[in-house]
Amino acid sequence: MSDMSDMTGLVDQAELYRVIEGRHFDPFKVLGLHPLEGGRAVIRAWMPDVKEAEIIMLSGQHYPMQRTLEQGLFEVTVGGEDFSQHYQIRMVFHDGNELTCYDPYNFLPVLSDFDLDLHSKGDHHHSFEKLGSHVITLDGISGVQFAVWAPNAERVSVVGNFNGWNGLRYPMRSRGGSGIWELFIPELGQGEYYKYEIRGRYGQILKKSDPYGHYMEMRPGTASIVWDVDDYAWDDAAWLEQRKEDNRKEPISIYEVHLGSWVRTGPDGDQFLNYRELAHRIADHALLGGFTHVELLPVSEHPFDGSWGYQVIGYFAPTARHGTPQDFMYFVDYMHQKGLGVLVDWVPGHFPKDSTGLASFDGGPLYEYSDPRKGEHQDWGTLIFDYGRNEVVNFLVSSALFWCEKYHIDGLRVDAVASM
């Protein structure tokens with residue numbers, strides 16, 4: 001439930017219009033359930049694409065909502081109900097379609113103050129468990145928790161097929177000085193395509209892929225995809241146990257391979273093989289050559305084939321060119337079962353200027369240095385991470401740990417160290 005301790009049923013008109021205009025840093029101050037005197041409460045919802053709506057309480061009672069502002073603000077006063085329970089909103093859209101769902105603005109924040117503090121200090125090295133998108137159950141209701149760092153934004157929203165990519169529909173809650181925005185959207189699940197719509201400090205509207213997203217759509221698309229990376233059944237326990245005992249003194253021989261060009265199929269040679277198919281072919285080839293390890297050129301998601309993966313926009317997402325995250329897990333798992341280690345090229349030195357990526361993420365320099373003399377790699381036309389920001393260093397350390405822990409990678413080759 002929303003925190004009722006400091007709320008009243010009254011709301012300032014300026015607050016209302018900041019929500020309507022997509023400029024409010026905390027829409028929970030206006031939307032959701034707010035108590036009144038006498039055991040009553042007012043419930044507000046901002047639904048610009050809805051014709052009519054009603055509230056359905058856990059008791060089964062239905063309460064028609066009134067459109068109090070033509071732009072799409074709905075409101076109803078409810079009494080005699082248990083307000084500790086979550087309610088649903090039944091919406092009738094202008095095209096006649098209907099949808100009944102729980103109200104996202106009736107849930108408490110998910111991230112703790114401790115998480116926010118660790119992230120700000122640069123000490124939250126497993127921030128991939130908190131930021132990004134995660135399917136969770138909150139108050140017994142399944143949904144997706146979204147969280148993103150955008151300290152200079154005036155407003156951040158989650159957009160996707162579930163709200164018609166309308167940035168006014170699901171504005172997120174700012175968590176103050178941490179610069180993190182979060183929102184739990186009930187009844188969403190794995191496979192949802194989404195982005196963050198960010199209103200920058202100068203009013204510019206940006207649509208960004210999730211920096212912590214675990215999966216992205218196949219290029220040229222750039223949407224992030226809600227995805228669980230914890231449901232793969234690994235079968236490489238023997239390899240991992242042996243790896244613990246490795247004294248690092250045994251000689252190794254590394255076979256370096258770029259998955260996108262090693263082999264292709266199709267009549268025009270333009271179809272990528274799946275990670276699972278590649279696993280069998282590459283393992284056979286590497287073992288025949290007497291190699292002990294396979295080193296992959298970057299498999300992190302990237303928009304341009306010609307970069308070979310060295311211009312990354314998905315630091316937590318294996319490229320969709322070859323399949324799902326679980327397909328890539330199979331690749332690593334199979335290599336380990338065949339006695340082959342897996343190394344991956346990792347690119348913390350620079351990133352591309354693509355508008356959906358990290359560049360000017362919240363309307364100005366954030367992940368990159370603000371001084372262009374330090375922030376731009378003149379030879380490559382890319383941007384350089386601002387290693388002086390705790391949150392940026394935290395992002396990179398978390399990415400490195402993510403690949404090692406979630407994908408059982410045996411080592412990272414750090415690319416372009418001289419340019420860092």
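Rings of Phe, Tyr and Trp (for Trp, the six-membered ring) are taken as a pair when their centres lie within 6.5 Å, with planes under 30 degrees apart counted as stacked, over 60 as edge-to-face and the rest as tilted. By this rule there are 31 aromatic pairs in what is a predicted model, where local features need pLDDT of at least 70, side-chain atom pairs count only at pLDDT 80 or more, and totals for chains, interfaces and linings use all residues. Residues are numbered from 1 along each chain as its sequence is written, and side-chain values use heavy atoms, with hydrogens and water left out.

**Aromatic pairs**

Select Phe-328 and Trp-403 to begin: their ring centres are 6.2 Å apart and their planes stand at 80°, so the pair is edge-to-face. Helices (H or I, at least four residues) and strands (E, at least two) are DSSP runs numbered from the N terminus; Phe-328 belongs to helix H6 (residues 325–337) and Trp-403 to helix H8 (residues 390–406), so the contact ties together parts that are 75 residues apart in sequence. Both Phe-328 and Trp-403 are buried, where buried means under 20% relative accessible area, exposed over 50% and partly exposed in between (1.4 Å probe, protein chains only).

Next, select Phe-351 and Phe-385, a tilted aromatic pair with 4.7 Å from centre to centre and 50° between the planes. Phe-351 is in the loop between strand S23 (341–346) and helix H7 (372–375), while Phe-385 is in the loop between strand S25 (382–383) and H8, and these positions are 34 residues apart. Phe-351 and Phe-385 are buried as well.

**Charges over rings**

A charge is said to sit over a ring if NZ of Lys or CZ of Arg is within 6 Å of the ring centre and within 35 degrees of the ring normal. Select Arg-173, whose charged end sits over the ring of Phe-28 at 3.5 Å from its centre, and then Arg-169, whose charged end sits over the ring of Tyr-170, 5.1 Å from the centre.

**Nonpolar cores**

A nonpolar core is a set of buried Ala, Val, Leu, Ile, Met, Phe, Trp, Tyr and Cys residues joined through side-chain atoms within 4.5 Å. The largest one has 88 residues, and those with the most contacts inside it are Phe-146, Leu-296, Tyr-315, Phe-328, Phe-331 and Tyr-367. Centre the view on Leu-296: leaving aside residues up to four places away in sequence, its contacts (heavy atoms within 4.5 Å) include Val-257, Leu-259, Phe-328, Phe-331 and Asp-345. A second, separate core of 20 residues includes Ala-41, Tyr-63, Tyr-87 and Phe-93.

**An open sheet**

Now select the open sheet of four strands in the order S4-S3-S7-S8, where the pairing is antiparallel; two strands pair if DSSP finds at least two bridges between them. Strand S4 (62–64) and strand S8 (98–102) stand at the edges with a single partner strand each, so one side of each is left without a neighbour in the sheet. Strand S7 (residues 88–93) pairs with S8 over five bridges, and Gln-88 has Tyr-102 in S8 as its bridge partner.

**Backbone stops**

Finish with the loops. Arg-219 and Pro-220 are joined by a cis peptide bond with omega of about 15°, and Pro-220 lies between strand S15 (205–208) and strand S16 (224–225). Asp-139, although not a glycine, has a positive phi of about 55°, and is in the loop between strand S9 (132–138) and strand S10 (141–149).
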